[in-house]
Amino acid sequence: MAAAASRPDRAYHQDYICRIRYENNLPPPPGSVKLLDIPIDGLDYYASPGFASRLHRSQPINIEADAELGMPINLVGMPGVFDGDESSIQAPLITPPVNPKDKNLLRPLSELGKPKYQGGGISFLRRTEYISSDTARARSEAAPKSTPKSPGPKLRKPVDTSKDDPINVLRAAVKGFDIANPEDAYTGPDTNDNIKGLDPTPAELEAWNDPKHPLKSSLKPIDFYPILPDLEAGTDAGDYMIAKFSTNPTHVVNKRDTRVDVGLLRPIDDEAMLAEYSAKIAAHEADPTRIPHPGGAPFNYNFFLPTDEASANNLRKKLDVDDPDRDNPNLYTAKNRDGKEVFRLERQRTYETGRATAQDPDHAYKEIALALHDPELDVTTQDAILDTDDPSQHRLKKGAYYYPIMQKIQLKPHRSKNLAQLSGASRFNDEDDDKRVDAWDVIVDDLDDNEKAKRSSNRAALLGEEEDAEDDDS
């Protein structure tokens with residue numbers, strides 16, 4: 001036991017074996033590592049605010065800037081700039097022509113860069129190519145040619161400028177009417193009132209007799225409607241307006257509210273707005289090239305609707321001139337203070353014009369609304385057709401009737417009163433509440449003499465009767 005205790009401990013050598021799958025042998029550093037002892041006693045001095053102040057005073061900024069920073073702006077003499085009209089300091093609508101000296105600055109990116117040197121007698125300025133190709137080309141050019149010379153460059157076919165003549169353009173337009181109505185085609189000599197159209201080609205006649213869809217040749221037309229004006233449906237102004245609500249004007253969400261079809265939009269008189277709008281119109285007429293048209297007048301509107309759908313349906317029948325029951329006195333659903341039968345429309349809310357666009361009066365038919373009408377398919381006149389077979393008994397014959405659209409507006413809810421009450425800046429004026437109309441009683445009646453005169457004037461202007469009368473007077 002003593003011998004075993006005195007025996008020294010035997011040491012065992014152990015190694016850790018690890019399989020290296022990825023090696024990343026870094027190169028040795030370029031130089032031996034050396035640590036330098038750099039004193040940093042002056043760090044507090046350079047980091048102190050006093051050093052930055054002294055540096056600012058000793059090194060002034062080398063910029064000569066005036067009070068306007070090199071961009072003098074003189075607003076005196078610019079019309080309307082102090083009234084909120086910034087059109088005088090904006091770019092003109094019509095872009096002026098580019099100065100010839102500045103055309104090089106407008107070159108596209110494909111033309112920029114180093115110029116391509118074409119081959120000449122300098123070999124080091126040419127692109128790499130085979131010398132043998134030039135040699136073969138030179139030999140072929142030097143050898144006599146037995147083949148005939150190739151024709152010169154193709155000349156561009158001369159353009160017939162006579163097609164752009166206004167008379168030829170008018171003849172081409174008349175040709176379309178002659179194809180549609182060959183029995184009314186004018187074949188005599190040209191006069192101030194009549195002009196002969198161009199002769200139609202067989203392909204144009206075939207296209208009229210057998211029309212085909214330009215993209216889907218398998219489609220076939222099922223009916224034809226002549227495009228006609230509805231002379232009896234004109235308004236006092238002679239045109240129509242499209243109003244679009246930015247939000248749902250009613251509380252009905254599950255289905256379409258048919259009361260909107262007979263709703264009433266009543267503009268609110270605002271003298272300040274009309275004066276501002278008149279000033280913008282005058283500025284546009286004074287300088288139409290720089291000042292664009294302000295569009296339609298931004299009126300505020302009160303929106304009225306019938307109380308229920310039954311009242312709306314009765315009002316729709318009363319307004320429909322083709323409805324046989326339109327003269328029934330039982331269609332009215334309310335009575336006013338005088339005891340007269342009326343349709344009562346209640347105010348929903350006030351709307352303001354969010355965006356308005358107006359058409360140029362010289363291009364009144366740039367945008368139109370088109371309505372297809374066939375008396376034989378009209379549900380409201382079907383009973384009358386069964387009673388009489390004379391198509392002249394109906395107000396309109398079969399056709400696609402167009403109505404000019406002169407103004408389009410987008411209406412959004414008017415929230416100025418609510419915002420003023422929430423902000424608490426000033427109490428809203430209650431005078432508007434006193435003048436506000438909560439309900440509107442409507443009586444449908446025939447046109448008076450003044451309204452008939454306005455519609456007759458608009459109809460005469462559409463048919464050109466005024467021009468004919470002036471020619472007869474002269």
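Predicted model: local features only at pLDDT ≥ 70, side-chain atom pairs only at ≥ 80, totals over all residues.
View 1. Strand β5 (residues 334-335) runs antiparallel to β6, and two bridges join them. Together β5 and β6 make a hairpin with five residues between them. Look in the turn for Gly 339, which has a positive phi of about 85°.

**View 2. β6 beside β4 and β9.** Strand β6 covers residues 341-358 and is joined to β4 by seven bridges, the two running antiparallel. Here you can find Tyr 301 opposite Tyr 351 of β6. Strand β9 (residues 439-442) also pairs with β6 in the antiparallel sense, over four bridges. In that pairing, Arg 344 stands opposite Asp 441 of β9.

**View 3. β6 beside β8.** Seven bridges link β6 with β8, and these strands run antiparallel.

**View 4. The largest pocket.** About 2000 Å³ of space lies in this pocket. Its lining counts 44 residues, and those nearest the centre are Ala 233, Thr 235, Tyr 240, Leu 319 and Arg 455. Elements giving two or more residues to the lining include β4 (300-306), α8 (309-319) and β8 (399-413). The most comes from β2, with five residues. Sorted by class, the lining holds 26 nonpolar, five polar and 13 charged residues.

**View 5. Stepping back to the whole protein.** The secondary structure comprises 13 helices and nine strands. Of the 474 residues, 16% are buried. The protein exposes about 39800 Å², with carbon and sulfur atoms supplying 54% of it.

Technical notes:
Residues numbered from 1 in each chain as written. Heavy atoms only, no water. 1 Å grid on protein atoms, 1.4 Å probe; cavity = no way out; pocket = protein on both sides within 12 Å on 5 of 7 lines; lining within 4 Å. Points joined across faces, edges and corners; volume = space filled by probe spheres on them. Nonpolar A, V, L, I, M, F, W, Y, C, P; charged D, E, K, R; others polar. Buried < 20%, exposed > 50% of the residue type's maximum accessible area, 1.4 Å probe, protein only. Areas by Shrake-Rupley, 256 points an atom, 1.4 Å probe, with all protein chains shown as cover. Pairing = 2+ DSSP bridges.
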